[in-house]
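User: I have a structure to go through before setting anything up. Can you take my questions as they come?

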Amino acid sequence: AFAESSATTEGDLLFSLLSANSFAGVTLSDGTAFFHADHGNKAATGAVISEAAVSAAREAMRLQKNVNKTGTAGVVPAVLLVGPKKETEAEKFVASINAATTANVNPFAGKLRVEVENRYEGNGWWLFADPQQRPALMHGYLQGSDGPIIETQQGWGVLGTEFRCVLDFGCAVMDFRAAYFNPGA
């Protein structure tokens, strides 16, 4: 129960980074929300998951400037994150098909993997870079505490053992360039 509760808490904290400010994300040190036109990582209008919408998101991510604004950041979209309402739509979108003509080829097959966030009830969707290559979000634990710590002591006032769970966990936005949000339709 402690492990499940800890995982839920970690997920809630990470999701709050995305869901803050009506899904514009948390406000960053530049005073702008995580997902914002100024950051070039939010669609101007919501759209369903389609070749055109995902192509526009991919292009926006790939054209992001690096920190010094001297070149592109090299962001490669790898994860399509959706809520349960869009799971089937997203899975169909990234599915491989044996096309008979080039017009029927799915350019995203094998390039994006679908992840589902059960806390999200909307129609929007996110693209994220591979977190191993370019993380958008970061998390960490207090040194020496790589997860929940369960402590026990013998009960003094009552017969039995007392338990407690301590979770020293934190999370934050790492790089707005590694994420893109479309509010959906």
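User: What should helix α1 span, and what is the distance between its end C-alpha atoms?
Analyst: This is a predicted model. Helix α1 covers residues 2-23, which is 22 residues, so at 1.5 Å a residue it should span 32 Å. Its end C-alpha atoms are 29 Å apart, which agrees.

User: Where does α1 bend, and by how much?
Analyst: The bend is at S16 and comes to about 45°.

User: Which residues of α1 are buried?
Analyst: S6, E10, G11, F15, L17 and L18.

User: What covers them?
Analyst: The cover includes the strands β1 (77-82), β3 (125-129), β4 (137-141), β6 (161-166) and β7 (169-173).

User: And just after α1, which residue takes a positive phi?
Analyst: G25, with a phi of about 90°.

User: Switching to charges. How many salt bridges does the structure hold?
Analyst: It holds 7. One of them joins R119 and E117, with the closest N and O atoms 2.8 Å apart. R177 and D175 form another, also with a closest N to O distance of 2.8 Å. E115 and R113 meet at 3.4 Å, N to O.

User: Is the R177 and D175 pair buried or exposed?
Analyst: Both R177 and D175 are buried.

User: What about E115 and R113, buried or partly exposed?
Analyst: E115 has 35% relative accessibility, so it counts as partly exposed. R113 is partly exposed too, at 38%.

User: And why do R119 and E117 fall in separate classes?
Analyst: The cut-off for buried is under 20% relative accessible area. E117 has 16%, so it is buried, while R119 has 32% and is therefore partly exposed.

User: Which residues are linked with those two in a salt-bridge network?
Analyst: D12 is linked with E117 and R119 in a network of salt bridges.

User: Now aromatics. How many pairs does a search of the whole structure find?
Analyst: It finds 8 aromatic pairs. Among them is F35 with F181, a tilted pair at 5.7 Å centre to centre with 50° between the planes.

User: Where do F35 and F181 lie?
Analyst: F35 is in the loop between α1 and α2 (51-62), and F181 is in strand β8 (residues 179-182).

User: Which residues form the aromatic cluster?
Analyst: F15, F23, F34, F35, Y120, W126 and F181 form one cluster.

Note on methods. Residues numbered from 1 in each chain as written. Predicted model: local features only at pLDDT ≥ 70, side-chain atom pairs only at ≥ 80, totals over all residues. Heavy atoms only, no water. Helix = DSSP H or I, 4+ residues; strand = E, 2+ residues; numbered from the N terminus. Expected span 1.5 Å × (residues − 1). Bend = angle between axes of the 7 residues up to and from the residue. Buried < 20%, exposed > 50% of the residue type's maximum accessible area, 1.4 Å probe, protein only. Contact = heavy atoms within 4.5 Å. Salt bridge = Lys/Arg side-chain N within 4 Å of Asp/Glu carboxyl O. Phe/Tyr/Trp six-rings, centres within 6.5 Å; stacked < 30°, edge-to-face > 60°.
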